[in-house]
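Reader: Could you walk me through this fold before I set anything up?
Author: Gladly; have a look at the sequence and the structure, and we can go from there.

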Amino acid sequence: MADENHIVEKVNDHLYVIQGLGGNISFLITDEGVFLIDMGNSRKDGETVLEEIRRITDKPLIYVFLTHYHGDHVNGMAALPVHVPVIATEHTLENLKNITTPNRAYNIKEAYPAAIKDLKEKAQKDSTDSEKAARELKEMQKRFEAYKNESVRYPDEIFETRRTLRVGDFTVELFLPGPAHTGGNAMAFIKEMNVLITGDNLFHNDFPYIDIRGGADPYHWITIAREHSKKGYDIIIPGHGPVAKGTEALARFADYLEYAANEVRKAKEDGLTEDEAVEKITMEPYTHLGKARFRENNIRVFYNIGVASCI
Ligand SMILES: [Zn+2]
């Protein structure tokens, strides 16, 4: 169980990161209260997050910021007390309302029954997708049972591209750098600490997931990662993987995306089909970095969106 394996890392006297409850969760403790970023993969994870915060401070939770709409970052919201304001980008709110996936606790009553029916039909058909549909169906049914009788809150303080908050003695700048991991994955910069919290705009030591349905743009992602790798942050907290000192992790991540784009471009020039490209491209220089579960996603995405002029 993920919640038995989580760790709480102290970055400094005011900033902590919880790993092992879905995406990384950060919280900033100030004299005024606690600013929390993301809430984990389930109601239970959300409860664990609140317990861990209480273990360290008796200051009240005053804000939650959701970096983006993916279940492993937002489902823990089911455990959030109603009086705490929740901040997110307009794009994230739109994604939460409109995209149904097996691993999210949103849209359960509205959209899941129809999606379950659809997956059941797909799972019964004799096609290459039926196995995948059966897997998704199982996940979706599980999530439906767990969440059908409760409503998970939508964010209620929405910004388009930038919002700056003063929290205790700290300035937290929330900003949307444009489409990358999704169309609405915003980042948080804690000015006094020179710390950047990227959400899933950085997968540290792992292949990234590129969420085209959620508005991702891998070429723009390269630009963003490159640009922020030159900004001299002291610490970067990624969406997945260990906390990084300096900006090297972002530079290496941009290198990987560029490499992946070029490998796919070469495969297409050699006349390979999409499936052949998936088979042939091993991402060899990067396989030591971490789990390969998103390698295939990366190849298929670059294969289908073509080649950007900047590469
Ligand atoms: Zn994500």
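**Helices and sheets**

Author: As a starting point, and bearing in mind that this is a predicted model, the buried residues of α9 have a cover that includes α6 (218-229), α7 and α8 (274-280).

Reader: Which residues of α9 are the buried ones?

Author: Helix α9 spans residues 295-305, and its buried residues are N298, I299, V301, F302 and Y303.

Reader: You mentioned α7; which strands does that helix lie across?

Author: Helix α7 (residues 248-269) lies across β11 (195-203), β12 (235-240) and β13, and its direction makes an angle of about 25° with β11.

Reader: OK, and what is the strand order in the sheet of 6 strands?

Author: That sheet is open, with mixed pairing, and its strands come in the order β8-β9-β10-β11-β12-β13. The edges are taken by β8 (162-167) and β13 (244-245), and because each has a single partner strand, one side of each is left without a neighbour in the sheet.

Reader: How does β8 pair with β9, parallel or antiparallel?

Author: Strands β8 and β9 (residues 170-175) run antiparallel and are joined by 6 bridges. If you want a specific pair to look at, R163 stands opposite L174 in β9.

Reader: Switching to the sheet of 7 strands, what is the order there?

Author: The order is β1-β2-β3-β4-β5-β6-β7, again in an open sheet whose pairing is mixed. Its edge strands are β1 (7-10) and β7 (157-159), each of which pairs on one side only. On average, neighbouring strands of this sheet are turned by 20° against each other, with direction ignored.

Reader: How many bridges link β3 and β4?

Author: There are 4 bridges between β3 (residues 25-29) and β4 (residues 34-37), which pair in the antiparallel sense. Within that pairing, L28 has F35 in β4 as its bridge partner.

Reader: And which helix lies across β6 and β7?

Author: That is α3 (residues 90-98), which lies across β6 (86-89) and β7 and runs at about 95° to β6.

Reader: One more topic, E51: is that residue buried or exposed, and why?

Author: E51 counts as exposed, because it has 10 C-beta neighbours inside 10 Å, and the limit for that class is 12 or fewer. The residue is found in helix α1 (residues 43-56).

Reader: What separates the C-alpha atoms of E51 and F159?

Author: Their C-alpha atoms are separated by 29 Å, and the two residues are 108 residues apart along the chain.

Methods
Residues numbered from 1 in each chain as written. Predicted model: local features only at pLDDT ≥ 70, side-chain atom pairs only at ≥ 80, totals over all residues. Helix = DSSP H or I, 4+ residues; strand = E, 2+ residues; numbered from the N terminus. Buried ≥ 20, exposed ≤ 12 C-beta atoms within 10 Å, placed from the backbone. Pairing = 2+ DSSP bridges. Contact = placed C-beta atoms within 7 Å. Axes fitted to C-alpha atoms, helices over the stretch in contact; angles between N-to-C directions.
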